[in-house]
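Dear colleague,

Please find the structure below, together with its sequence. My notes on it follow directly after.

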Amino acid sequence: MVREAIKASVMMRFLYRGAQRHVDPWGLLLERVPYLVGPAVGQSDPFLCRLDRIDEVTLADTGSGRQPSFNLRAYAVRSFSIYQEEPQEMTLRLMAHTAEEVRGFLFHPNQIFDEEPDGSLTVRFRAGGLRELTHHLFTWGDSVEILTPLSLRELMCAELHQAMEQHGKSLTLPVP
């Protein structure tokens with residue numbers, strides 16, 4: 001029904017985490033989990049609803065107020081994954097031993113790679129979604145260094161600290 005509402009440009013009513021919503025569906029973002037994008041009635045800015053949390057969908061008789069200027073792709077590339085924060089310049093250095101894997105990896109649609117003399121790669125892109133990016137950077141382990149922004153580096157350190165607090169309580173870790 002979501003697809004039908006988008007194609008027909010009609011409003012949707014549904015339960016979202018148990019709460020009644022009346023949303024103007026503007027599009028879908030297909031991430032690890034798909035999201036509906038659109039504003040709630042009376043709002044102008046779109047928000048995101050995970051499709052797997054939407055229940056009891058009905059289509060309204062009223063038409064969509066979709067803004068002709070809204071560009072789903074431009075909305076999506078503002079962020080790393082789905083978090084819509086103010087975009088910032090991201091600069092990451094990935095170590096030489098991961099260079100081949102990194103060259104084939106898409107961090108962000110607007111990424112630019114710079115080959116460094118030591119064989120490492122620097123990737124640059126502009127996006128929001130610092131928490132989601134931090135979670136993703138955990139998968140690269142010590143193969144990645146956050147160069148900018150400082151707020152991303154600080155968030156990564158805070159996340160590492162929380163993980164150590166949770167998982168390192170009874171461990172004695174060797175000092176390198």
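This is a predicted model: local features need pLDDT of at least 70, side-chain atom pairs count only at pLDDT 80 or more; totals for chains, interfaces and linings use all residues.

Residues are numbered from 1 along each chain as its sequence is written, and side-chain values use heavy atoms, with hydrogens and water left out.

Salt bridges

The whole structure contains seven salt bridges (a side-chain nitrogen of Lys or Arg within 4 Å of a carboxyl oxygen of Asp or Glu). One of them pairs glutamate 115 with arginine 103, with 3.0 Å between the closest N and O atoms. Glutamate 115 belongs to strand E8 (residues 112-115) and arginine 103 to helix H3 (residues 99-103), so this pair ties together parts twelve residues apart in sequence. Helices (H or I, at least four residues) and strands (E, at least two) are DSSP runs, numbered from the N terminus.

Arginine 124 and aspartate 114 also form a salt bridge, at 2.8 Å from N to O. The former lies in strand E9 and the latter in strand E8, so parts ten residues apart in sequence are tied together. A further salt bridge, at 2.3 Å from N to O, joins glutamate 159 and arginine 131. Here helix H5 is tied to helix H4, the two residues being 28 apart in sequence. Glutamate 159 is buried at 13% relative accessible area, whereas arginine 131 is partly exposed at 41% (buried means under 20%, exposed over 50%, partly exposed in between; 1.4 Å probe, protein chains only). Arg93, Glu145 and Arg153 are linked in a salt-bridge network.

Helix H4

Six of the eight residues of helix H4 (residues 130-137) are buried, among them Leu130, Leu133 and Leu137. Their cover includes strand E7 (88-94), strand E9 (121-127), strand E10 (144-148) and helix H5 (150-167).

Two buried residues

Threonine 122, in strand E9, is buried at 2% relative accessible area. Its side chain makes a polar contact of 2.7 Å with that of glutamate 116 (a pair of N or O atoms within 3.5 Å; within protein, one must be able to donate a hydrogen and the other to accept it, and residues adjacent in sequence count only if both atoms are side-chain atoms).

Proline 25 sits in the loop between strand E2 (19-23) and strand E3 (27-30) and is buried at 0% relative accessibility. Its C-alpha atom is 6.5 Å from that of methionine 11, 14 residues away along the chain.

Yours sincerely

Terms used
Contact means heavy atoms within 4.5 Å.
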